[in-house]
Amino acid sequence: MASESLREWQTDAWAAFDEIEYAHRAVGGTKPGRRFLTQQLNYAYTALLAARFQGFARSLHTQAVNAVALGAHNATYRLLLQRNLTRHRALERHNAHPNSIAEDFARLGLDIWTLVDQERSGNEERRRKLWALITWRNAIAHDDINGKLEKGALEPTTISLGTCRGWRSALNVLATSLDKVAADQCQTLGLPRPW
Amino acid sequence: MAHAQQARHKSLKVGDHVVANVPGFNWSGVVIEDRGNLGIDGGQIVMIRIGDEDDGEQFEVRADDLDRVAA
């Protein structure tokens, strides 16, 4: 079973990503200008991946908090937990880079990346891909690609459709692992498994 | 509080003015985001803001724990 957040990621977000893939195919061909057109699509794909993953992570945190709050012995305690576990979240103010996710899930007692890395082999590398995606997203959103490239901050140095697909694949696995680790933590806290 | 309470458990919308219907809380706020039915039991979750638009506190609450009130 999966959380509603993961289901939305695997349906709504995937459908949005597929639209970009479709647009890529529609732009196809070898005419001059295609490279520029597909480059903009790749930038759009990058921004969309980052945005939807932030939405997923924030919703997963919401659901995990709700599961914890429902374990309270009365309504006042429940609301107190709900309020204090969701106020000033990093994921409201920042992209879903690993530090934001770690900061918010730490409120639930989770050392999330240690557990996610343990959950599936290769997740450490996928987390590095998340960092690369977010760095690229910021460069695109702030019109700072050249500046970031000059500082050597962008890896890879160009984005292709294959790059975006690689990021998408990495996020899919990370989303599944985050979903499982959050559910595990609810059980660790003595609560019913929420999903 | 001076607010006139309305029916509970109705779906809340962005812009609704709300108060907590749980003992121990006497704040009033405004719904600033409908997070959908993300509750583990399928219940609606909303983001509310208490206080000023710039300096207010924002957090998520189960809609069941809120009552809509007149603005």
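Guide: Let's start where α7(A) meets α9(A): N123(A), R126(A), K129(A), L130(A) and L133(A) on the α7(A) side touch G166(A), W167(A), A170(A), L171(A), V173(A), L174(A) and S177(A) on the α9(A) side. Sorted by class, this contact has seven nonpolar, three polar and two charged residues. Here nonpolar covers Ala, Val, Leu, Ile, Met, Phe, Trp, Tyr, Cys and Pro, charged covers Asp, Glu, Lys and Arg, and polar is the rest, including Gly. "In contact" has a cut-off too: the C-beta atoms of two residues, placed from the backbone, lie within 7 Å.

A quick word on what you're looking at: this is a predicted model, where local features need pLDDT of at least 70, side-chain atom pairs count only at pLDDT 80 or more, and totals for chains, interfaces and linings use all residues. Residues are numbered from 1 along each chain as its sequence is written, while chains are lettered from A and ligands numbered from 1 in the order in which they are written.

Back to our pair. Two packed helices are described by the angle and the distance between their axes. The axes of α7(A) (residues 123-141) and α9(A) (residues 161-188) come within 9 Å and cross at roughly 120 degrees. Each axis is a line fitted to C-alpha atoms, for helices over the stretch in contact, and angles between N-to-C directions run from 0 to 180 degrees. That makes α7(A) and α9(A) oblique to each other; under 35 degrees would be roughly parallel, over 145 roughly antiparallel and 65 to 115 roughly perpendicular, with the rest oblique. The crossing of α7(A) past α9(A) is left-handed, meaning that the near helix is turned anticlockwise from the far one by less than a right angle (clockwise would be right-handed).

Now follow the chain past α9(A). In the segment after it sits L191(A), which counts as partly exposed because it has 17 C-beta neighbours inside 10 Å. For that count, 20 or more other C-beta atoms within 10 Å is buried, 12 or fewer is exposed, and in between is partly exposed, with C-beta atoms placed from the backbone. Beyond its neighbours within four places in sequence, L191(A) contacts A67(A), V68(A), G71(A) and C186(A).

Zooming out, chain A has nine helices and zero strands. Helices (H or I, at least four residues) and strands (E, at least two) are DSSP runs, numbered from the N terminus. Of the 195 residues in chain A, 38% count as buried.

Chain A also has a neighbour: 15 of its residues are in contact with 17 residues of chain B. On the chain A side, α2 (34-69) and α3 (75-86) each supply at least two residues, and α3(A) gives the largest share, six residues. That side divides into five nonpolar, seven polar and three charged residues.

So what does α3(A) meet over in chain B? In chain B, five strands form an open, antiparallel sheet in the order β4-β3-β2-β1-β5, where strands pair if DSSP finds at least two bridges between them. The edges are β4(B) (57-62) and β5(B), each with a single partner strand, so one side of each has no neighbour in the sheet. Packing on this sheet, α3(A) touches β1 and β4 of chain B, and its direction makes about 135 degrees with that of β4(B).
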